[in-house]
2 protein chains.
Amino acid sequence: MKKIKVAIAGYGNLGKGVESAIKQNPDMELVAVVSRREGLKINTKTAKTVLYKDVLSLKGQIDVMIICGGSATDLPEMTPFLAKHFNVVDSFDNHANIPKHRKNVNIPAKEGENVAVISVGWDPGLFSVSRLYAESALPQGESYTFWGKGVSQGHSDAIRRIPGVLNAKQYTIPREEALTKVRNGEMPKLSTKDKHLRQCFVVTEEGADKDKIRETIVTMPNYFADYITTVEFITEEEFKKNHSGIPHGGSVIRTGKTGDGNTCNVEFSLKLDSNPEFTGSVLVSFARAACRMKNEGFSGCFTIFEIPPLYLSSKSAEELFSTML
Amino acid sequence: MKKIKVAIAGYGNLGKGVESAIKQNPDMELVAVVSRREGLKINTKTAKTVLYKDVLSLKGQIDVMIICGGSATDLPEMTPFLAKHFNVVDSFDNHANIPKHRKNVNIPAKEGENVAVISVGWDPGLFSVSRLYAESALPQGESYTFWGKGVSQGHSDAIRRIPGVLNAKQYTIPREEALTKVRNGEMPKLSTKDKHLRQCFVVTEEGADKDKIRETIVTMPNYFADYITTVEFITEEEFKKNHSGIPHGGSVIRTGKTGDGNTCNVEFSLKLDSNPEFTGSVLVSFARAACRMKNEGFSGCFTIFEIPPLYLSSKSAEELFSTML
């Protein structure tokens with residue numbers, strides 16, 4: 001079997017998650033990691049490192065590039081540029097800007113006759129397609145998305161910027177009362193505050209004013225002011241021991257009514273020890289889809305909504321029909 | 001907006017479920033119900049009834065036919081025949097025979113330049129595609145399917161055939177211990193007996209030998225012998241009051257490992273007050289997909305694995321990208 005040759009652009013947590021996912025897929029091999037960093041060391045001994053300025057040297061050497069950059073500034077530039085030269089996959093997650101990103105990527109992908117898959121992972125990604133299947137079957141109803149329990153990198157960063165804070169981790173936690181009502185099919189109206197709690201673990205400098213730090217956190221606009229927020233001060237040792245992981249998860253739930261008021265509840269949920277490793281695993285399955293679609297003559301930019309699910313699997317259509325339907 | 005004109009072939013529980021689902025979709029209208037029964041009365045006053053022998057009189061009058069027959073004898077004949085003349089959707093659920101059914105339907109559908117969608121509903125259907133997404137992302141792991149709590153029509157029928165039994169309902173119930181282990185990511189090995197219980201409610205003739213009936217049930221090969229089965233004898237009144245619904249549901253769960261042994265749990269679950277109404281609702285969303293694919297020039301037989309999810313929704317692609325991704 002000819003293996004799918006993959007490059008990873010960006011070698012942070014997500015890039016490393018993709019790297020370990022590729023190892024679990026015998027039909028794929030990591031050929032190169034592209035990075036702006038000089039002298040980068042990577043885990044896969046059989047792959048090479050390439051500086052981002054030399055990325056076009058990979059033309060003809062890879063089947064697909066998985067772009068592991070940030071959605072704020074990296075992906076809006078990298079994905080359109082790279083889609084002209086390679087089949088690409090990204091995890092662009094700025095929901096409001098997805099339509100614009102799709103347009104920006106579609107033109108160069110068409111020009112280069114490549115397949116670009118954007119905004120995959122779990123939200124956007126598997127959560128999105130679960131919303132679509134459930135709402136298509138149950139057009140009359142309510143949909144809910146709960147995130148967590150999991151680490152919000154943005155909220156953790158916001159706490160770390162407060163003077164006197166050495167380290168911090170913020171967990172987003174769905175509120176049990178709300179989840180229970182939704183799972184019972186009660187279709188409650190829920191405010192932001194009703195749905196999630198924010199739990200913060202904070203390491204401070206010696207002699208820091210903890211009351212002031214706590215107050216700064218819980219009143220921080222956009223991040224915490226609209227939530228019930230708990231703040232616990234811990235030592236660096238405890239932080240390392242209990243809060244070094246990057247777990248996440250959540251649930252997409254739709255409640256609909258059928259017939260004369262019968263209730264249907266559809267739920268898709270994830271519980272992930274490692275958010276970047278799972279996101280990387282999803283990206284890898286869509287990298288396979290990108291290659292297959294390219295081989296079948298497709299080109300342009302695609303989201304999870306436009307991709308026939310069978311392209312994701314390494315198994316043949318016949319095998320899927322006989323074992324997984 | 002030009003509405004999608006739908007016909008239903010078969011007017012049992014599933015056909016009626018489709019009928020009520022069509023009412024919830026403003027882009028669709030029920031035009032006809034096809035049946036072998038003379039003098040059939042249907043709920044939708046604006047639709048006509050057509051005898052099955054005259055089904056071809058609907059040519060040119062409908063966009064898609066939803067075939068609501070049984071998988072044992074009806075669908076293997078009806079779907080290939082009707083696919084030559086109409087876009088069709090069925091819920092063929094004999095898992096082992098799906099590949100054969102697909103081939104038998106594909107040829108006439110291609111000949112007639114129609115789109116046939118087979119084996120949709122929830123299992124096969126939404127459960128199948130959930131298995132596919134989860135296994136594609138997590139190739140190393142274990143998948144589990146639990147059914148229930150819900151009514152098994154086949155098992156209920158088997159009990160009703162026992163002499164002395166007037167009425168019976170059998171619920172398939174997932175075993176909590178097993179579900180908990182799977183949800184905890186323990187990846188247990190589970191036998192048939194470990195996964196489900198069978199709970200039976202039975203109404204008997206006066207003077208019937210209940211001990212003998214109980215024994216006949218719990219030792220019945222294939223149906224009950226391999227399970228923990230409970231049998232409760234109740235009155236016809238209690239039966240009507242508490243056991244007249246057709247609820248069902250279940251869960252597809254995949255546990256995978258990422259990185260250095262991090263656990264990921266992916267779960268899709270359903271809780272349905274009415275199994276046929278929900279199945280009918282899913283069929284209707286795939287009827288829309290069949291029409292759209294036909295309009296885009298597709299023909300042949302498709303399963304849920306081959307259909308881009310956006311075809312299911314009445315919303316435009318642009319609306320889906322900006323609201324549901």
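Reader: Which residues have the most contacts inside the largest nonpolar core?
Author: The model is predicted, so local features need pLDDT of at least 70 and side-chain atom pairs count only at pLDDT 80 or more, while totals for chains, interfaces and linings use all residues, and side-chain values use heavy atoms, with hydrogens and water left out. Residues are numbered from 1 along each chain as its sequence is written, and chains are lettered from A and ligands numbered from 1 in the order in which they are written. A nonpolar core is a set of buried Ala, Val, Leu, Ile, Met, Phe, Trp, Tyr and Cys residues joined through side-chain atoms within 4.5 Å, where buried means under 20% relative accessible area, exposed over 50% and partly exposed in between (1.4 Å probe, protein chains only). The largest core has 164 residues, and those with the most contacts (heavy atoms within 4.5 Å) inside it are Met65(A), Phe278(A), Phe305(A), Met65(B), Phe278(B) and Phe305(B).

Reader: In what order do the seven strands of the open sheet in chain A run, and which are its edge strands?
Author: Strands (E, at least two residues) and helices (H or I, at least four) are DSSP runs, numbered from the N terminus, and two strands pair if DSSP finds at least two bridges between them. The pairing is parallel, in the order S3-S2-S1-S4-S5-S6-S14. Pairing on one side only marks the edge strands of chain A, strand S3 (48–51) and strand S14 (300–302).

Reader: Which residue stands opposite Met65(A)?
Author: Strand S4 (residues 64–67) and strand S5 (residues 88–90) of chain A run parallel and are joined by three bridges. Across this pairing, the residue in S5(A) that Met65(A) faces is Val88(A).

Reader: At about what angle to S4(A) does helix H10 of chain A run?
Author: Axes are lines fitted to C-alpha atoms, for helices over the stretch in contact, and angles run from 0 to 180 degrees between N-to-C directions. Helix H10 (residues 275–295) lies across several strands of chain A, including S1, S2 and S5, and its angle to S4(A) is about 145 degrees.

Reader: Is Asp90(A) buried or exposed, and which backbone nitrogen does its side chain reach?
Author: Asp90(A) belongs to strand S5 of chain A, and because its relative accessible area is 0%, Asp90(A) is buried. Its contacts beyond four places in sequence include Ile67(A), Leu75(A), His101(A) and Leu283(A). At 3.0 Å, its side chain reaches the backbone nitrogen of Phe92(A).

Reader: With which side chain does that of His243(A) make a polar contact?
Author: His243(A) sits in the loop between helix H9 (236–242) and S12 of chain A, and counts as buried because its relative accessibility is 8%. A polar contact is a pair of N or O atoms within 3.5 Å; within protein, one must be able to donate a hydrogen and the other to accept it, and residues adjacent in sequence count only if both atoms are side-chain atoms. At 2.7 Å, the partner side chain is that of Tyr171(A).

Reader: Which backbone oxygen does the side chain of His248(A) reach?
Author: His248(A) lies in strand S12 (residues 248–258) of chain A, and its 10% relative accessibility is why it counts as buried. Among the residues that His248(A) touches are Trp122(A), Trp147(A) and Asn275(A). At 3.5 Å, its side chain reaches the backbone oxygen of Val151(A).
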